[in-house]
Amino acid sequence: MLEAGRPIDSRPVPVLDSAVDGASPEYAANRAAMLERLAVLEEEQERAIAGGGERYAARHRQRGRLLARERIELLVDPDTAFLELSSLAAWGTEFHVGAAIVTGVGVIEGVECVVTANDPTVRGGSINPIGLRKHLRALDIAKRNRLPFVTLVESGGADLPTQADLFIPAVELPNTRATVGMCDYSVMVDRAAKVFLGGPPLVKMATGEESDDEELGGADMHTRVSGLGDYFATDEHDCIRIGRQIVGDLNWRKRGPGPSRPVVDPRYGADELLGIVSADLRVPFDPREVIARIVDGSDFDEYKARYGTSLVTGWAAIHGYPVGILANAQGVLFMDEARKATEFILLANQIDTPLLFLQNTTGYMVGRDYEQAGMIKDGAKMINAVANSTVPHLTVMMGASYGAGNYGMCGRAYEPRFLFSWPSARVAVMGPQQLAGVLSIVARQGAEAAGRPFDEAADATQRRAVEEQIERESEALFMTGKLYDDGIIDPRDTRTVLGIALSAVHSAPVEGRRGFGVFRM
């Protein structure tokens, strides 16, 4: 109850306690497993940064040109963070890790922008199917968060061997900032930029005309004759200078509120996040230990703490931005947890507060008693609330993300504004052992129905093969390679990454769904 005469805002926000024991064997084992995964992640990121390799990078520099990340570094404001997205796209495929394009969110002249840059050291910056998907994801982030879009183009066009997979629908993106073609502003570099529908060989074959590339599509011609180019740059540095000036002249204003609370560091060190997630995802962990290390001041006002305890919900702030947090505590989502989540999501929409989903779930509870009690109905309420919520959603996959639990906790299909994975994340329809077991049961039932003997040895071999396949295909590297997230992050960087993402989503209006109140389940 409120005391008479007491200011409403005088109630202190609860501060999370921590039970992490850095000296325990379990913590040491968890930390070692995470560090091993991070070492693999770093190795793969180095492959992405290397692009086509030192040979092609050296040739590129000999031509007096900058590499993709060097261009981005000059474009963004000094001493500001650049949040690279999908850095390991195409991992495990026939294409180079990174998919021959760099994308991310950076600050240009004080304005948050989505930036893309072709990597010309990989097949001349040609666009392959996964690179196209990565580019489209960057466009989607820019559109949904109302961010200017700047692209640094040096591309040979379509990757010809895979051209059949490169036809796409048109994308409407207001306030686009790019370099050439269908954009609001284009800057072209003298003797370097070339834009034409057909180069000299194609023109020769099609029309018999003899032309050089400068006549057909050089920067001088397009800025002086055709009018395709808006600005003529003498070199790359001049091009980047002009691009920065263009963004500075946009008079850009955010439409969402700025940080409304003081920014206070968490009371516990981010380094301890390495030992919290169990090396065995079947062993649950308390997500409050994670929350305590990513939110301002480790302050967390928990909602319905005594009800639906397998899901933690509550209010906090990250870098001054208020957020509502939903975090799995025991993996399984029961009916109480689904109802609790539904109410909490509706509440967040009432007060225009972004939602952060911290995933570690094996899905919704199954079984006769739960089906008869209406598990599907309650789970559907939660998923419906997620689907119809209009406040920004951010998702971090910390551990397991299986089955419909992935939907209920705002997986990729439900379009969070940003979605990141920890190296420990696993995504699948169900766990490897469960999936292999289901296939075994179905095969056994089929054999019995057909009246034929069941081959136990073959079944055991099949189960092992399926478990290995699902284990491999559910790993974070495999999923990020297919662009099922926006990148794998070091757990220690989670607070920083979320702060950048929250700032970006507030470039657009932050408004919850209106027209009805909160349904008490």
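Glu209, Asp212, Asp213 and Glu215 form a patch of negative charge on the surface. Patches consist of residues with over 30% relative accessible area and no salt bridge, with like charges joined within 9 Å and nonpolar side chains (Val, Leu, Ile, Met, Phe, Trp, Tyr) within 5 Å. Asp and Glu count as negative and Lys and Arg as positive, without His and the chain ends; the place of a charge is NZ of Lys, CZ of Arg, CG of Asp or CD of Glu. Accessible areas were computed by the Shrake-Rupley method with a 1.4 Å probe, and for residues only the protein chains shown count as cover.

The model is predicted: local features need pLDDT of at least 70 and side-chain atom pairs count only at pLDDT 80 or more, whereas totals for chains, interfaces and linings use all residues. Residues are numbered from 1 along each chain as its sequence is written, and side-chain values use heavy atoms, with hydrogens and water left out.

Helices (H or I, at least four residues) and strands (E, at least two) are DSSP runs numbered from the N terminus. Asp212 is partly exposed because its relative accessibility is 38%; buried means under 20% relative accessible area, exposed over 50%, and partly exposed in between (1.4 Å probe, protein chains only).

The structure contains 34 salt bridges, each defined as a side-chain nitrogen of Lys or Arg within 4 Å of a carboxyl oxygen of Asp or Glu. One of them joins Glu154 and Arg65, with an N to O distance of 2.6 Å. This pair links distant parts of the chain, 89 residues apart: Glu154 lies in the loop between β4 (149–152) and β5 (187–189), and Arg65 in the loop between α2 (54–62) and α3 (68–75). Glu154 is buried at 17% relative accessibility, while Arg65 is partly exposed at 24%.

A salt bridge also connects Asp271 and Arg492 (3.5 Å, N to O). Asp271, in the loop between α8 (236–248) and α9 (287–291), is 221 residues apart from Arg492, in the loop between α16 (476–481) and α17 (494–505). Asp271 has a relative accessible area of 36% and is partly exposed; Arg492, at 32%, is partly exposed.

In a further salt bridge, Arg288 pairs with Glu302 at 2.9 Å, N to O. Arg288 belongs to helix α9 and Glu302 to strand β7 (residues 301–303), 14 residues apart. Arg288 is partly exposed, with a relative accessible area of 21%, and Glu302 is partly exposed at 23%. Salt bridges with shared partners join Arg31, Asp271, Asp490 and Arg492 into one network.

Because 13 of its 16 residues are buried, α10 is largely enclosed by the rest of the structure. Asp352, which follows α10, has a positive phi near 55°.

Positive phi values also occur at Asp79, about 60°, and at Ser298, near 55°; Asp79 is not a glycine. Asp79 lies in the loop between α3 and β1 (83–85) and is exposed at 85% relative accessibility. Ser298, in the loop between α9 and β7, is buried at 0% relative accessibility.
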